[in-house]
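I opened this entry to keep track of what I looked up, one topic at a time. I begin with the terms I need and then go through the parts in turn.

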Amino acid sequence: MKTVSKTTSMTAPFFIDNTMEYIAPIISAIGVIITAWFAYNQKTKDRMTDLKIERMRTEEARKGKVRSDNTGTIYGVLWEVLHELHADRVYILQPHPLSNNMFLSISMEVKRSGVVGMKPYIRNMEIGNVAVFASELANRDWLQYRNISEEVKDKRARAILSMNGSVSALIRRLSDDRYDWIGSVFAEFQQPVATDLIYCKKVLGEAADKIQYILPEYGAE
């Protein structure tokens, strides 16, 4: 029994020492593998992030070009209306934000030489201050004011239009697939409308068809 005990006590340290010689390189190798995996994983994530950023930049550039092209198209339509109806001012009035209409602003405007623009006077105007006028714009496809000073019910809207020389106006509502009212096209005159009203409706109706599905939300153009 003593002999066996001595043999066991002599071989145990030898076995442990030899085992440790193998474990250390294995642990080291595993550490290298883990480090390499993390490095590869991080590099892959970085590449994916760079790719996503590049895609976002490309998409934003594409959207920017589309917005620019659409804006140019809309201005072209407004100039056509100005010419065809012999108007003094033609502009687009938009409610914003579209998800919760709180303000009115003129986004795009064309006018005859020497005519004062309306755009500086209608910017971030609270809808609550012209509630009656805004309600008419939102709910009626077509509005005609032969005499603004007598026919526009909203006092504040009437004052703004009259003070800037508007005598008469023709207005066409704009809507798209998402919102029932996204804006209105105004053709304003500093005298009574001389052009045939049936023709005016046709011109403004065609203009609305060209504009309403490409009109950017106010602030995005």
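By contact I mean heavy atoms within 4.5 Å. The model is a predicted one, in which local features need pLDDT of at least 70 and side-chain atom pairs count only at pLDDT 80 or more, while totals for chains, interfaces and linings use all residues. Residues are numbered from 1 along each chain as its sequence is written, and side-chain values use heavy atoms, with hydrogens and water left out.

**Entry 1: the cores.** I took a nonpolar core to be a set of buried Ala, Val, Leu, Ile, Met, Phe, Trp, Tyr and Cys residues joined through side-chain atoms within 4.5 Å. For burial I used relative accessible area: under 20% is buried, over 50% is exposed, and partly exposed lies in between (1.4 Å probe, protein chains only). Which residues touch the most other members of the largest nonpolar core? I found that they are Leu-78, Val-90 and Ile-211, in a core of 26 residues. Helices (H or I, at least four residues) and strands (E, at least two) are DSSP runs, numbered from the N terminus. At least two residues of this core come from each of helix 1 (2–85), strand 1 (89–96), strand 2 (103–111), strand 5 (168–174), strand 6 (183–189) and helix 5 (197–211). Setting aside residues up to four places away in sequence, I listed the contacts of Leu-78 as Val-90, Ile-92, Met-108, Glu-109, Val-110, Val-185 and Ile-211. I also noted a second, separate core of 24 residues, with Met-125, Ala-138, Tyr-145 and Ile-148 among them.

**Entry 2: the sheet.** Two strands pair if DSSP finds at least two bridges between them. I read an open sheet of six strands in the order 3-2-1-6-5-4, with antiparallel pairing. Strand 3 (125–126) and strand 4 (142–145) each have a single partner strand and stand at the edges, so one side of each has no neighbour in the sheet. Strand 1 and strand 6 run antiparallel and are joined by five bridges; in one of the pairs I looked up, Arg-89 has Glu-188 of strand 6 as its bridge partner. Helix 5 packs on the sheet, where it touches strand 1, strand 4, strand 5 and strand 6, and its direction makes about 35 degrees with that of strand 5. For that angle, axes are lines fitted to C-alpha atoms, for helices over the stretch in contact, and angles run from 0 to 180 degrees between N-to-C directions.

**Entry 3: the loops.** His-86, in the loop between helix 1 and strand 1, has a positive phi of about 55 degrees although it is not a glycine, and it counts as exposed at 52% relative accessibility.

**Entry 4: around the end of helix 4.** Is Met-163 buried or exposed? Met-163 lies in helix 4 (residues 155–163) and counts as exposed, because its relative accessibility is 68%. Asn-164, in the loop between helix 4 and strand 5, is buried at 11% relative accessible area. The side chain of Asn-164 reaches the backbone oxygen of Ile-160 at 2.8 Å. Leaving aside neighbours within four places in sequence, Asn-164 is in contact with Arg-89, Val-116, Met-118, Tyr-121 and Gln-190.

Definitions and conventions: A polar contact is a pair of N or O atoms within 3.5 Å; within protein, one must be able to donate a hydrogen and the other to accept it, and residues adjacent in sequence count only if both atoms are side-chain atoms.
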